[in-house]
Amino acid sequence: LNVEHEERYTVTQSVENRKMRIVVTNTAPKYGVNVQFGPDEYRNVIRVHIPNEVYKQFNITANEMVVQINDFNAPVQATGERGGIYLKDDSIVMGTYNISVSSGPVSIESAFINTDIKVNVENGPVTLHFHKQPKNLYLDTTSCGPIVKRPDTWAAEYKVGNETPEIIIERLNNH
């Protein structure tokens, strides 16, 4: 945990039928969660680091918290309910990502992406940050309007190289 007032949080874990469940609970949600992003330091962001083993699938739910995940070697379904998802790794090449957020930030940051990512958001912002110009990419943000922050020179539908991987960002309820 990298949170202020760590005493307000509890962490439990269990394994049942070869499935691991990790639950982080904020016991004082009335105080809110002040998420701070910085170049080297993040506050009130739950970081999930998973050992590099063989996995079938990950399901991650963020309720009123922001969860930072690295590249997993399996399909990932990440959901944010009044919470956000922050996908950050030097390279994102092993997992496939389906991210859905009702209200909260989605951030994807990497030097190299070579896997498909699908993002559905109701309220943004969504931030894409590449450490260098991709050589291959298909990015479609045509249904999102201003909630997506991408490089200024990129159109809402951006294609380069062989147009893979695909990053599709859609706005839920399209309003």
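Two strands count as paired if DSSP finds at least two bridges between them, and the strands themselves are DSSP runs (E, at least two residues) numbered from the N terminus. The model is predicted, so local features need pLDDT of at least 70 and side-chain atom pairs count only at pLDDT 80 or more, while totals for chains, interfaces and linings use all residues. Residues are numbered from 1 along each chain as its sequence is written, and side-chain values use heavy atoms, with hydrogens and water left out.

On that basis, S12 pairs with S17 in the parallel sense, over five bridges. Within this pairing, valine 119 sits opposite isoleucine 169 of S17. S12 also pairs with strand S9 (residues 97-101), again parallel and over five bridges, and here valine 101 faces valine 121 of S12. Strand S12 itself (residues 117-121) is mostly covered, with four of its five residues buried; buried means under 20% relative accessible area, exposed means over 50%, and partly exposed lies in between (1.4 Å probe, protein chains only).

Then there is an open sheet of six strands, which runs in the order S3-S5-S7-S10-S13-S15 with parallel pairing. Its edges are strand S3 (45-48) and strand S15 (148-149), each of which pairs on one side only. Further in, strand S10 (residues 106-110) and strand S13 (residues 126-130) run parallel and are joined by five bridges, with isoleucine 108 taking leucine 128 of S13 as its bridge partner. In general, strands of a sheet pair through backbone hydrogen bonds, either parallel or antiparallel.

A salt bridge here is a side-chain nitrogen of Lys or Arg within 4 Å of a carboxyl oxygen of Asp or Glu. One nonpolar patch brings together Val11, Val15, Met20 and Ile22, with about 410 Å² of accessible area together (Shrake-Rupley method, 1.4 Å probe). Strand S1 (9-16) and strand S2 (19-26) are the elements that give two or more residues to this patch. Isoleucine 22, part of strand S2, is partly exposed at a relative accessible area of 47%.

A patch of negative charge gathers Asp116, Glu157, Glu163 and Glu166 on the surface; Asp and Glu count as negative, with the charge placed at CG of Asp or CD of Glu. Glutamate 166 belongs to strand S17 (residues 166-171) and, at 38% relative accessibility, counts as partly exposed.

Methods: Patches are made of residues with over 30% relative accessible area and no salt bridge: like charges are joined within 9 Å, nonpolar side chains (Val, Leu, Ile, Met, Phe, Trp, Tyr) within 5 Å.
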